[in-house]
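Work through the exercises below with the sequence and the model open. Try each task before reading its solution.

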Amino acid sequence: MDTAAAIRRGVPRGQEERVAELYWEAFGRKLGAALGPAERGRAFIADHLHHDRAAVALAPGGTVVGVAGYQLGGRALTGGGVRDVLSRYGLVRGLPRLAVLALLERTPEPGELVMDGIAVDPAHRGGGIGSRLLAETAAVAAEHGCSRVRLDVIDVNPRARALYERHGFVAVHTEQTPYLRRLMGFGAVTTMHLAVPARPDGPRAGGTEAGR
């Protein structure tokens, strides 16, 4: 267990590029068609983060070594709208990218927190950071009165699915997406749910949330 890493709410100011780097390392194959090339995609993510929509793991020096983004209240960790995409990539190149981003869009149902996924620095994997980030995200869901956490896991990431299953997530639906295999590198997406017990004791003490 990597007990040296501290789990906190929110992306610390000054760590935007680091979070974007971790996200791209974990999800770049999927995001590349919409936001690539890599350097431009990382810059776009860093410039449009919603700081208060993540739990992060911080190394003793304050560097983010793990991040779990989520969507709640109409905002996700990774932001940027139509105008932002067109401004960054131009009209001709931006419109096809918007179509790809629409394929990745997920809208929470009432009482649901949607996870964007977990990214952990390769040097810090295997120490329990992913598990701790999952637990913190579930705590966020409970504090906001959500009855469940939802996430999607792709067929080429069995390690992530195994992590989610160990923490009580249950697969509820698998959608075959062979049309995305060449574009994004995966051919099926499984939706998983985690039931969140109600918290009669109110907000949890502790944890911090960065400013928006």
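This is a predicted model: local features need pLDDT of at least 70, side-chain atom pairs count only at pLDDT 80 or more; totals for chains, interfaces and linings use all residues.

Residues are numbered from 1 along each chain as its sequence is written, and side-chain values use heavy atoms, with hydrogens and water left out.

**Exercise 1.** Describe how helix 1 and helix 2 pack, and list the residues in contact.

Solution. Start with the elements: helices (H or I, at least four residues) and strands (E, at least two) are DSSP runs, numbered from the N terminus. Helix 1 spans 16-35 and helix 2 spans 38-47. Next take the geometry, with axes as lines fitted to C-alpha atoms, for helices over the stretch in contact, and angles running from 0 to 180 degrees between N-to-C directions. The two axes come within 8 Å and cross at roughly 120 degrees. Angles under 35 degrees count as roughly parallel, over 145 as roughly antiparallel, 65 to 115 as roughly perpendicular and the rest as oblique. Helix 1 and helix 2 are therefore oblique to each other.

For the contact (heavy atoms within 4.5 Å), helix 1 supplies E16, E17, A20, E21, W24, L31 and L35, and helix 2 supplies A38, R40, G41, R42, F44, I45 and A46. Sorted by class, these are eight nonpolar, one polar and five charged residues. Here Ala, Val, Leu, Ile, Met, Phe, Trp, Tyr, Cys and Pro count as nonpolar, Asp, Glu, Lys and Arg as charged, and the others, Gly among them, as polar.

**Exercise 2.** Which kind of peptide bond joins G36 and P37?

Solution. Locate P37 in the loop between helix 1 and helix 2. Then read omega, which is about 5 degrees: the bond from G36 to P37 is cis. For background, most peptide bonds are trans.

**Exercise 3.** Give the angle, axis distance and handedness for helix 3 with helix 4.

Solution. Helix 3 covers 82-89 and helix 4 covers 91-104. They pack at an angle of about 140 degrees, with axes 7 Å apart. Helix 3 and helix 4 are therefore oblique to each other. Their crossing is right-handed. On the helix 3 side, V82, V85, L86 and Y89 make the contact, and on the helix 4 side L91, R93, G94, L95, R97, L98 and L101. By class, this contact has eight nonpolar, one polar and two charged residues.

**Exercise 4.** Describe the lining of the largest pocket.

Solution. Begin with the term: on a 1 Å grid over the protein atoms alone, a pocket is an open set of points where a 1.4 Å probe fits, with protein on both sides within 12 Å along at least five of seven lines; lining residues have an atom within 4 Å of a point. The volume is about 970 Å³ (the space filled by probe spheres set on the points, which are joined across faces, edges and corners). Of the 36 lining residues, L101, L103, L104, E105 and R106 lie nearest the centre. Helix 1 gives the most, with five residues. The lining divides into 18 nonpolar, 10 polar and eight charged residues.

Key
A crossing is left-handed if the near helix is turned anticlockwise from the far one by less than a right angle, and right-handed if clockwise.
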